[in-house]
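Morning, everyone. Please have the sequence and the model up on your screens. I'll go from the whole chain down to single residues.

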Amino acid sequence: MRKTKGFISVILCIAMIALLFVPVMAEVDTETCSHQWRWVTDVAATCGDDGVQHQICVLCSATRNENTPLPATGNHDLEWILDAAPTCGQTGIEHQYCNLCHHTYNEGTLISATGEHTWAWVVDTAPTCGEAGSQHRECTVCGQPDPYTAGTVIQATGKHKWIEGDVISESTCIVHGQREDTCEYCGGTRLFELELAEHTWDEGYVSLEPGCAEKGYMVYTCTVEGCNAQKSVVIPATGNHVDADGNGQCDVCGVSMPATVSSGTTLWNIIQSVIDFFTMLYNRIAALFS
Ligand SMILES: [Zn+2]
Ligand SMILES: [Zn+2]
Ligand SMILES: [Zn+2]
Ligand SMILES: [Zn+2]
Ligand SMILES: [Zn+2]
Ligand SMILES: [Zn+2]
């Protein structure tokens with residue numbers, strides 16, 4: 001108990017003595033102070049931004065060199081960002097970005113064009129039926145003409161659309177006539193060969209007379225000069241058989257001819273046949289029971 005009281009008394013004494021000295025310390029004269037300067041950071045510098053600092057005297061608290069820049073460290077965490085990808089024919093653009101200070105650096109840095117073109121033929125002039133066209137190769141991406149491949153000709157299609165024109169010469173049976181046709185697209189012309197005409201037949205003559213059973217022939221000749229085409233036409237057999245000797249056969253061709261009997265006799269023949277049939281039938285049955 002006594003020990004505690006004594007300790008508190010000592011603390012109080014020290015406090016009182018300290019209070020006596022405080023005004024004395026605060027009253028250190030800035031004019032006469034032999035300053036001891038120390039840098040104080042107001043705003044810390046980053047990798048990309050300067051900081052701010054000033055100096056303060058540790059003895060009299062005077063300040064100087066207010067707003068003195070504290071240099072940026074430059075210890076960026078940089079990353080390349082693509083602004084425009086390069087193509088076969090165009091340079092690309094990129095810049096750097098700091099993940100720490102969020103500033104961009106090296107803006108507008110160029111990336112070389114790849115040079116890997118995609119070549120394709122491009123038609124300059126389409127061919128028509130009558131006229132050739134032309135084409136060249138260029139890059140489908142950047143449009144640069146292929147420096148290694150020359151342009152070429154595209155052959156005319158030859159696919160004319162013919163419109164029938166005037167007949168220049170009519171066909172005969174031996175000479176083809178001609179017609180001049182015109183192409184609707186190119187205006188080109190062609191001579192079109194017409195079909196041969198029909199022959200012009202004379203009245204003809206009988207080269208073989210037909211018989212009662214055999215066919216005959218007519219021969220016709222074309223009347224056009226220089227043609228001489230012939231055609232033969234069948235004359236049917238007459239069918240007029242003759243049986244003068246009455247033997248039931250044609251005297252000319254020998255074909256059997258129907259008997260020339262009266263209708264009365266024919267009826268009698270039928271009755272006779274019926275009688276003969278039943279007689280034969282009766283005889284057969286009689287024979288079975290005898
Ligand atoms: Zn000072
Ligand atoms: Zn940075
Ligand atoms: Zn290209
Ligand atoms: Zn044409
Ligand atoms: Zn003829
Ligand atoms: Zn006959």
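First, a definition: a residue is buried if 20 or more other C-beta atoms lie within 10 Å of its own, exposed if 12 or fewer, and partly exposed in between, with C-beta atoms placed from the backbone. Buried residues make up 1% of the 290 residues in this chain.

Some housekeeping. This is a predicted model: local features need pLDDT of at least 70, side-chain atom pairs count only at pLDDT 80 or more, and totals for chains, interfaces and linings use all residues. Residues are numbered from 1 along each chain as its sequence is written, while chains are lettered from A and ligands numbered from 1 in the order in which they are written.

Now the elements. The chain has two helices and 16 strands. Both are DSSP runs numbered from the N terminus: helices are H or I, at least four residues, and strands are E, at least two.

Next, contacts. Two residues are in contact if their C-beta atoms, placed from the backbone, lie within 7 Å. Take the contacts with a separation of 6 or more: 36% of them join residues 24 or more positions apart.

On to a sheet. Three strands form an open, antiparallel sheet, in the order β1-β2-β3. Strands pair here if DSSP finds at least two bridges between them. Why do β1 (37-43) and β3 (63-70) each have one side without a neighbour in the sheet? They stand at the edges, each with a single partner strand. The twist averages 25 degrees from one strand to the next. Axes for that are lines fitted to C-alpha atoms, for helices over the stretch in contact, and angles run from 0 to 180 degrees between N-to-C directions. Strand β2 covers residues 51-57 and pairs with β3 over five bridges, in the antiparallel sense. Val-52 stands opposite Pro-69 in β3.

Now a loop. Pro-86 sits between β4 (78-84) and β5 (92-98). Pro-86 has 17 other C-beta atoms within 10 Å, so it is partly exposed. Beyond four places in sequence, Pro-86 touches Thr-91, Gly-92, Ile-111, Ser-112, Ala-113 and Thr-114. Thr-114 is 28 residues away along the chain, yet the two C-alpha atoms are separated by 6.6 Å.

Last, a strand residue. Ser-207 lies in β14, residues 205-208. Is Ser-207 buried, exposed or partly exposed? It counts as partly exposed, because it has 13 C-beta neighbours inside 10 Å. Leaving aside neighbours within four places, Ser-207 is in contact with Tyr-217, Met-218, Val-219 and Ser-232. Val-219 is twelve residues from Ser-207 in sequence and 6.2 Å away, C-alpha to C-alpha.
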